[in-house]
Structures are given as C-alpha cells and as structure tokens.
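Here are my notes for you to read beside the model.

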Amino acid sequence: MKNNLLDIPVLSSADSHFTRQLEGRLDRRMLVDSKVTNAVAEILAAVRSRGDAAVLEYTKKFDHRDAGSLKDLVISRDQLQMALDRLPESDSVALRHAAERIRAYHEKQKQSSWHYQEADGSVYGQKILPLEKVGIYVPGGKASYPSSMLMLGIPAQVAGVQNITATVPTAFDPDNAGSNLVCAAAALAGVSQMITIGGAQAIAAMAYGTETIQRVDKITGPGNIYVTVAKRMVFGEVGIDMVAGPSELTVICDGGTNPDWIAMDLFSQAEHDEQAQSILISPDRKYLELVLASINKLLPAMERQEIIRASMENRGMLIHVASLDEAVQISNSIAPEHLELSVADPESLLAKVENAGAVFLGRFTAEALGDYCAGPSHVLPTSGTARFFSALGVYDFQKRSSIISCSPVGAHRLVRTAATLARRESLTAHAKSAEYRLQDLD
C-alpha cells in the first residue's frame with residue numbers, strides 16, 4: 001500500500017522480509033564520510049594550536065560572520081539578563097514557566113554524598129560533587145532553540161555547576177525575537193557566558209580552551225554531523241554526554257486516537273530535519289490508512305512542509321503489527337529517542353518497554369510537551385543508543401569519588417584477601433603493600 005502524495009512505506013511485521021526492511025529504513029550505523037572526519041580533525045588541530053584566531057577564521061568561513069576578535073562574539077551575563085528583562089510579557093511568562101517545571105523535575109534527581117560504618121569502625125561511602133566547568137552546545141542552524149538552552153543549562157545549574165559556558169551558532173541581534181529568547185533562556189539557566197560560535201570549532205574551543213574561551217570539563221548538547229564527530233574526537237580529554245543523531249519519534253497507537261493528532265505528532269519530529277525519523281506502529285490497518293489521509297490533508301498547511309516531506313519520505317514509516325505486545329517488541333528493537341504510547345491503557349504497555357529515551361503515556365501526552373515544558377530534559381539518546389544511554393540529567397553534571405577508611409581491625413580482615421588475589425595476578429608489590437600493614441597489626 002503506497003500513498004500517492006507522500007511516498008511513505010507501510011510495512012507489515014508478517015512479511016518475511018520485515019526485519020531486513022525495518023533495519024534498512026532505520027540505517028542506524030552512524031557511518032561518517034571520511035571527508036567529514038578529516039575536516040573535523042583539521043579544525044580541531046587548528047583551534048588547539050592557534051586558539052582564537054582559528055575560531056574566528058572558521059566562523060567567517062562557515063557562518064559568514066566577520067569579527068575583529070573572539071571577544072566581540074561573547075555575550076556577557078549582564079547582556080543575557082538584559083535580554084530576559086526586555087522580553088515581551090507572553091514570551092517571558094512561557095519561558096519562566098518552562099524553566100520552573102524543568103528545574104522542579106531535575107531537583108528530584110539530585111544525589112547526595114553517603115557513607116556507612118561497619119561494626120569494626122571502617123567507613124565506606126561516596127562523595128558526590130558537581131563538575132567545575134561545563135560547556136553546553138545549543139544548536140541554531142535552522143532555527144533558534146531557547147528550549148535546548150533550558151534543557152541543557154538547568155540540570156547543570158541544579159547539579160551545582162558554577163561555571164557554564166554556552167555556544168550558539170547564531171549571531172546575537174537584540175532586535176531579533178529568537179535571538180533574545182535564547183539569551184533570556186541562558187540567563188534563566190545560569191549560563192556564565194555565551195559565545196555565538198558553532199560547529200566543530202565551538203567544540204574544539206571548549207575542549208582545548210583558547211585565549212578567550214576557557215577549557216571545560218565536559219561538553220553536552222546535540223548538533224550537526226560535524227559537531228557530533230568533533231565530540232567523539234575530543235572525548236577522553238573532556239567528557240561528553242552522548243553521541244546524538246537526528247531526532248526520532250515512534251508512536252504506538254491502538255487506533256483510538258484522532259488520526260489528525262498522530263499525523264501532527266509525526267510532523268513534529270519530521271520538521272526538525274530531513275534526516276529525522278517518524279514511525280507509527282499499530283495493529284489496526286484501517287487506522288494506518290486514516291493517518292496517511294491526515295498526513296496528506298495537513299501537510300500543505302505546514303510552514304516547514306518541504307523538510308517534513310523529505311523526512312517522511314526518506315525515513316518515515318508506518319508499521320502494521322498483529323498486536324500491541326508485538327508493537328512494543330518492535331519498538332524495543334528500534335530503541336527510539338521518543339516513544340508515544342497512544343493507547344487506552346498505556347501503563348500496561350509501559351511495563352514492557354525496555355529501550356526508549358523518553359516515554360509519553362496516553363492520548364493527550366504529545367511529545368511536543370516534553371520538548372518544551374513537561375519537565376524532563378529533551379536531550380535524549382538517538383540512533384538506537386537508548387539501549388545504553390539515558391536522558392540528560394543532573395547526574396551528567398556530577399562526579400563521584402569512592403570513600404574507603406579502614407580501621408585497624410577492618411584492615412586486618414581485608415589484608416589476607418587482598419594479598420592472595422594480588423599474588424594470583426602476579427602483582428607482588430600490591431600484596432606486600434597490604435601485608436606490611438598486617439605486620440604491625442599482628
């Protein structure tokens with residue numbers, strides 16, 4: 001079954017070739033062209049060796065912005081606050097409401113140091129501290145994303161990070177509403193300074209430091225393929241949150257939700273990028289046809305209809321399954337960034353969900369609410385990495401140190417065990433290091 005207007009494949013789990021068709025459409029190999037890798041390596045090396053000068057050159061080359069110095073591209077904390085103060089009331093109310101909800105959610109994620117004491121007086125525990133300096137990369141190529149500034153900055157702020165550097169690949173314009181919203185969001189998120197640079201050069205500047213931009217301990221935030229490759233390459237010298245790909249949404253629907261709602265949910269992901277992926281899974285074949293009809297009816301009114309069209313035709317799909325249980329099984333194999341359970345009893349399906357960045361329960365819980373103001377961060381694992389990555393949170397901005405304090409009696413109990421195992425590993429100095437204490441204890 002094909003749609004005459006939009007060429008979106010409708011797959012059936014009963015088809016003998018279904019698994020191959022699904023995997024081919026997902027294309028989650030995250031392969032990178034060698035030209036991209038080489039270009040990023042060149043940018044990283046140049047910024048590492050030439051600092052500000054290299055960042056300015058690449059900003060002029062890629063973003064077509066010419067600045068006398070990198071300091072001219074730095075937005076101070078005072079300027080960020082000024083942008084917040086001058087927002088129209090409706091924007092201010094919405095932005096503050098979203099920030100309050102995001103902060104309230106992440107306050108519940110905070111972890112504290114802990115310890116326990118054994119009967120012999122030995123103490124063991126964990127010390128939890130915030131990272132000292134973090135960098136957040138806020139995308140800005142095709143649109144302004146104040147929501148991403150909140151979703152990245154507020155968890156860091158809640159964790160206790162004192163120094164937050166943000167980079168945004170968009171020129172600051174005090175007369176531009178989108179630019180002002182991003183700056184205002186940065187003020188609410190506690191950003192120390194914002195630099196209007198992007199791409200691999202921004203990642204390099206935060207990873208290595210320049211004359212103007214201080215080196216950070218960890219870099220978070222999504223970006224294009226050059227940003228993603230750059231984050232991969234600097235990992236080890238700095239921490240990163242995850243390797244992010246295009247946005248994804250999988251919807252499981254029992255056929256009881258207004259098809260226009262589901263069509264618009266699919267559009268909400270597709271409009272991000274031509275490579276974004278929107279998937280609908282349902283046991284109701286007639287319902288899939290109704291959603292296809294809604295897609296064609298609603299698409300002409302979309303402002304970003306060409307991007308939506310490309311995304312839906314390149315990567316979108318509708319999947320017919322035998323049951324909702326099978327739908328969840330397929331979703332678990334997809335491991336989507338966003339998963340909507342648009343069914344009568346979403347809680348029963350939730351118990352079977354194993355791999356998803358964020359799960360949205362019920363017919364009224366549009367994924368878009370999570371993008372802006374529900375509370376959890378919308379920075380989520382993509383490309384199947386929800387199998388081992390989790391949503392960005394306060395814990396991404398904390399570090400943990402193990403605490404070990406042996407009493408004399410406790411040390412006596414541990415020495416022989418440690419020494420025996422050390423000798424089995426041929427690490428004699430380890431064994432003797434422990435046994436020297438035993439001599440004084442016997």
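**Notes on the model**

1. Helix 8 (residues 199-208) is largely enclosed by the rest of the structure, because 10 of its 10 residues are buried. Here buried means under 20% relative accessible area, exposed means over 50%, and partly exposed is in between (1.4 Å probe, protein chains only). Helices (H or I, at least four residues) and strands (E, at least two) are DSSP runs, numbered from the N terminus. Please keep in mind that this is a predicted model, in which local features need pLDDT of at least 70 and side-chain atom pairs count only at pLDDT 80 or more, while totals for chains, interfaces and linings use all residues. Residues are numbered from 1 along each chain as its sequence is written, and side-chain values use heavy atoms, with hydrogens and water left out.

2. What do the buried residues of helix 8 pack against? Their partners are helix 2 (34-50), helix 3 (52-63), strand 5 (133-137), strand 6 (163-167), strand 8 (218-220) and helix 9 (225-234); contact means heavy atoms within 4.5 Å. Among the buried residues of the helix are Gln201, Met206 and Tyr208. Arginine 48 lies over the face of tyrosine 208, at 4.4 Å from the ring centre. The rule for such a charge is NZ of Lys or CZ of Arg within 6 Å of the ring centre and within 35 degrees of the ring normal. Just after helix 8, glycine 209 has a positive phi of about 80°.

3. Strand 13 (residues 338-342) is also mostly covered, with five of its five residues buried. In a regular strand the side chains alternate between the two faces of the sheet. Both faces of strand 13 are covered: His338, Glu340 and Ser342 are buried on one side, and Leu339 and Leu341 on the other.

4. Which strands pair with strand 13? Strand 10 (residues 248-253) runs parallel to strand 13 and is joined to it by five bridges; strands pair if DSSP finds at least two bridges between them. Leucine 341 is the bridge partner of isoleucine 252. Strand 14 (residues 358-361) is also parallel to strand 13, with four bridges between them, and histidine 338 stands opposite alanine 358 there.

5. Next, the nonpolar cores, each a set of buried Ala, Val, Leu, Ile, Met, Phe, Trp, Tyr and Cys residues joined through side-chain atoms within 4.5 Å. The largest has 41 residues, of which Leu95, Met149, Leu150, Val191 and Met194 touch the most other members. Helix 6 (146-159) is among the elements that give two or more residues to this core, and its eight residues are the largest share. Valine 191 touches Arg77, Leu80, Ile136, Met149, Ile164, Ala166 and Ala186, not counting residues up to four places away in sequence.

6. For the aromatic pairs, rings of Phe, Tyr and Trp (its six-membered ring) pair if their centres lie within 6.5 Å; planes under 30 degrees apart count as stacked, over 60 as edge-to-face and the rest as tilted. By this rule there are five aromatic pairs. Tyrosine 58 and phenylalanine 62 are stacked, at 5.9 Å centre to centre and 5° between the planes. Both lie in helix 3, four residues apart, about one turn of the helix. Tyrosine 58 is buried, at 8% relative accessible area, whereas phenylalanine 62 is partly exposed at 42%. Tyrosine 116 and tyrosine 124 form a tilted pair, with 5.9 Å between centres and 35° between the planes. Trp114, Tyr116 and Tyr124 form one aromatic cluster.

7. Finally, the structure holds 15 salt bridges, each a side-chain nitrogen of Lys or Arg within 4 Å of a carboxyl oxygen of Asp or Glu. Where does the pair of lysine 218 and aspartate 396 sit, buried or exposed? Both residues are buried, and their closest N and O atoms are 3.8 Å apart. Lysine 218 lies in strand 8 and aspartate 396 in the loop between helix 15 (367-372) and strand 15 (398-405), so the pair ties together parts that are 178 residues apart in sequence.
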